[in-house]
Amino acid sequence: MSQPATASILEVRNVRKTYRLGRVKVPVLHGVDLTVGHKEWITILGASGSGKSTLMHLIGGLDRPDKYPEQPASIVYGDRVITDMGPKGLNHYRSTEVGFVFQFYHLLPELDIMQNICVGSMIRYGRFAYGKHRKDVEKRAKELLDRFGLSDRMRHRPAELSGGERQRVAIARALINEPALLLADEPTGNLDLKTGESILDVLAELQSDAGLTMVMVTHDERIAARADRTIRLIDGRVEEQSASMTP
Ligand code: ADP
Ligand code: MG
C-alpha cells in the first residue's frame, strides 16, 4: 500500500449523467463529488448498473457529463479543467495522462502483442511522427513485457494467451505513454481468484514504484480492501468514503 496521498490530482464536482435512447432517459449519475489524491489508489465499489463505468469514462475524458448551467459540473485534473476541453484537448489528455484497463482487455485480435502495446503511442504521435519515436516506444514495450514475464510472447496474438496474460498485455498497453493516472474498470472481473490476485499485485507494485494514481472499479470487497481508500456509488452518488488515508 502506498504512502498517504498528499495533494489532490483529480477533483470531480457535481457530475451528472443521463443517457438518452430516443425518448427514453436513463439517469445514471446524480451529482458525484470525488477527490483523488496524487499517487493515491482508490477503489469504486457499487452494484452492477450503478454507474461505475460511466464515471470512469467521464474521468478519462471518453464522455462528457450533462450540462446544467445553474449547477455546473467539473472534472479537474491537476490544473486542467477536463470538462472545458474541446476534442483536441481531450485527445491530448487521454493519450498523455491516462491509461485505461478494461475487464475484457479489448486487445486487437489481428495485431500481435508488441503491436497491441505500441498502438497507444501511434495514436499519441500520429502516423507520421510515430516513426521518430518508434525505437524508444518499442524499447519501452519490451521493458514492460519483460517486467510482466511476457517477453517470449511478443509475436503472439491475443488469442494465444491466457486471460491473465492478456490482462498483463492490456496493462502494458495502458502504460506505454507513461500516464500518471491509471483507470482500471473491473480489471480482475474476468479472471479466476489466483490470476486476479496476480494482476492486483502487478497494479499495486506499479502504483508504489511508478507513483501512479490509480482509480479502480470492482464489485469485490476483497479487492477493494487493497486500495488506500474505497468509495461506494449508490443511486448515482458517492454515498460512503471509507478512508485509510490517515497516517
Ligand atoms: P456499472 O459499470 O456500474 O455496471 P454502467 O456505468 O455501465 O454501470 O451503467 C449504468 C447504467 O447506465 C446502466 O443502467 C446502463 O444500462 C446504462 N448505460 C450505460 N451506458 C449506456 C449507454 N451508452 N446508453 C444508454 N444507457 C447506458
Ligand atoms: Mg461497468
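Q: By class, what makes up the shell around ligand 1?
A: The shell holds four nonpolar, six polar and one charged residues. Ala, Val, Leu, Ile, Met, Phe, Trp, Tyr, Cys and Pro count as nonpolar, Asp, Glu, Lys and Arg as charged, and the others, Gly among them, as polar. This is a predicted model, in which local features need pLDDT of at least 70 and side-chain atom pairs pLDDT 80 or more, while totals for chains, interfaces and linings use all residues. Residues are numbered from 1 along each chain as its sequence is written, chains are lettered from A and ligands numbered from 1 in written order, and side-chain values use heavy atoms, leaving out hydrogens and water.

Q: Which residues surround ligand 1?
A: They are Tyr19, Leu21, Val28, Ala47, Ser48, Gly49, Ser50, Gly51, Lys52, Ser53 and Thr54. To be near, a residue must have a heavy atom within 4 Å of the ligand.

Q: How much of ligand 1 does the protein bury?
A: Taken alone, ligand 1 exposes 560 Å², and the protein buries 62% of that. These areas come from the Shrake-Rupley method with a 1.4 Å probe.

Q: Which element gives the most to the shell around ligand 1?
A: That is α1, with three residues. Helices here are DSSP runs (H or I, at least four residues), and strands are E runs of at least two, numbered from the N terminus.

Q: Why is α5 called roughly parallel to α6?
A: The axes of α5 (residues 163–175) and α6 (residues 193–210) come within 10 Å and cross at roughly 20°. Angles under 35 degrees count as roughly parallel, over 145 as roughly antiparallel, 65 to 115 as roughly perpendicular and the rest as oblique, so α5 is roughly parallel to α6.

Q: What makes α3 oblique to α4?
A: Helix α3 (residues 113–125) and helix α4 (residues 130–147) have axes that come within 9 Å and cross at roughly 140°. That angle falls among the rest, so α3 is oblique to α4.

Q: Where is Asn14?
A: Asn14 sits in strand β1, and its phi is near 55°, a positive value in a residue other than glycine.

Note on methods
Axes fitted to C-alpha atoms, helices over the stretch in contact; angles between N-to-C directions.
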